[in-house]
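Student: I've never looked at this one before. Could you show me how to read it, one feature after another?

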Amino acid sequence: MNSKIFTIGTILAIWTFGLVAPLKAGPFVNSLGMEFVLIQPGSFMMGEAPGAAEQTDADERPRHRVAVTKPFLMSSREVTQAQFEAVTGRNPSHFKGADLPVEQVSWMEAVEFLAGLDELEGGRGQYRLPTEAEWEYAAREGWQGLFSFGDRLEDMGRYGWTAENSGNSTHPSGTLCPSGPGLFDIHGNVAEWTADWYSEGYYAQSPFQDPSGPGAGASKSVRGGGWGDSAFGCRSSYRGFMAPTDRNFYVGFRVVREPGRSAYKRMEIR
Ligand SMILES: [Ca+2]
């Protein structure tokens, strides 16, 4: 078989039918030096871990199957203060440090950052926040348990900065172990804005395919917990929420980038 044709056919099959295949992909790095990992499409069980109903919150129920139908790139780290300042010219953070995650940034300001970053790279509309479903799908990477690394609360210290180990401050993103696909601080450090409006009862009516939250609301969903939360409060299914104009030193964000064709090719050949 002509190996080149086979390769192109394989890529087309993945692109067209959303087949989950182990494409060997290196990280994609953008103009700010932000590293992205490719998350392949697939389906997963979203919401509380099996058997965790007595410990979890009502908004994590019912556990339900969700399909993420398109590949996307997710930044391996939370947006740093240096990156935020490079785009916006300011640093609103309480804990100062170029490599620390930016915080005290509202949802509106996160979206403004993404628009500014997109403008810097040619205005192709490639940057956005993850949906809640994308965030949890990437965090879980097929694992249905409490955390990306398993169910053992005592292992959190190796993966996330929480109230148990943070010393009441943020830490440079990427200093602890990453989750399976290479996402650092998916649990803890700063909690992360998502694109979706928050609704406590949304899981009861969520569509199966690419859910993106209610059409309107008073708060945006915030995921992963942060340095001031208990380790259990940083579980994969925990859903925080905050008004889009509010800001505090617990919440930052990470970035999703659409995998344009050039980026996709570049990842495929590595
Ligand atoms: Ca985080």
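Tutor: Let's start with burial: a residue is buried if 20 or more other C-beta atoms lie within 10 Å of its own, exposed if 12 or fewer, and partly exposed in between, with C-beta atoms placed from the backbone. Keep in mind that this is a predicted model, where local features need pLDDT of at least 70 and side-chain atom pairs count only at pLDDT 80 or more, while totals for chains, interfaces and linings use all residues. Residues are numbered from 1 along each chain as its sequence is written.

Student: Then is Asn 168 buried or exposed?

Tutor: Asn 168 counts as exposed because it has 8 C-beta neighbours inside 10 Å. For contrast, take Asn 189: this residue is buried, since 32 other C-beta atoms lie within 10 Å. Over the chain of 270 residues, buried residues make up 43%.

Student: Where do those two Asn residues sit?

Tutor: First, the naming: helices (H or I, at least four residues) and strands (E, at least two) are DSSP runs, numbered from the N terminus. This chain has five helices and eleven strands. Asn 168 is in the loop between H4 and S7, and Asn 189 is in the loop between H4 and S7 as well.

Student: What is there to notice about their backbone angles?

Tutor: The general idea is that most residues other than glycine have a negative phi, and most peptide bonds are trans. Asn 168, not a glycine, has a positive phi of about 60°. Asn 189 has a positive phi too, near 65°. Glu 141, which follows H4, has a positive phi near 45°.

Student: Which residues does a cis peptide bond join?

Tutor: Arg 61 and Pro 62, with omega about -5°. You'll find Pro 62 in the loop between strand S3 (42–46) and S4.

Student: How do I read a nonpolar core?

Tutor: In soluble globular proteins, nonpolar side chains tend to be buried together. A nonpolar core here is a set of buried Ala, Val, Leu, Ile, Met, Phe, Trp, Tyr and Cys residues joined through C-beta atoms within 7 Å. The largest one has 42 residues, and Leu 73, Met 74 and Ala 110 touch the most other members. At least two residues of this core come from each of strand S2 (35–39), strand S4 (64–68), strand S5 (72–75), helix H3 (107–120), helix H4 (132–140) and strand S7 (191–197). There is also a second, separate core of nine residues, which includes Ala 49, Leu 146, Tyr 159 and Cys 234.

Student: What is Ala 110 in contact with, leaving aside neighbours within four places in sequence?

Tutor: Two residues are in contact if their C-beta atoms, placed from the backbone, lie within 7 Å. With those neighbours left aside, Ala 110 is in contact with Val 105, Leu 129, Trp 193 and Phe 253. Across the chain, 70% of the contacts with a separation of 6 or more are between residues 24 or more positions apart.

Student: Which residues of H2 are buried?

Tutor: Gln 81, Gln 83 and Phe 84. These three are on the same side of H2 because they cover an arc of only 165° around the axis, the arc being that of the directions from the helix axis to the C-beta atoms. The buried residues of H2 pack against H3. In H4, by comparison, nine of its nine residues are buried.

Student: Last one: how do I read the sheets?

Tutor: Strands of a sheet pair through backbone hydrogen bonds, either parallel or antiparallel. Here two strands pair if DSSP finds at least two bridges between them. Five strands form an open, antiparallel sheet in the order S1-S2-S5-S11-S6. Its edge strands, S1 (28–29) and S6 (127–128), each pair on one side only. Within it, four bridges join S2 to S5, and Leu 38 stands opposite Leu 73 in S5. Another open sheet has four strands in the order S9-S8-S7-S10, with mixed pairing.
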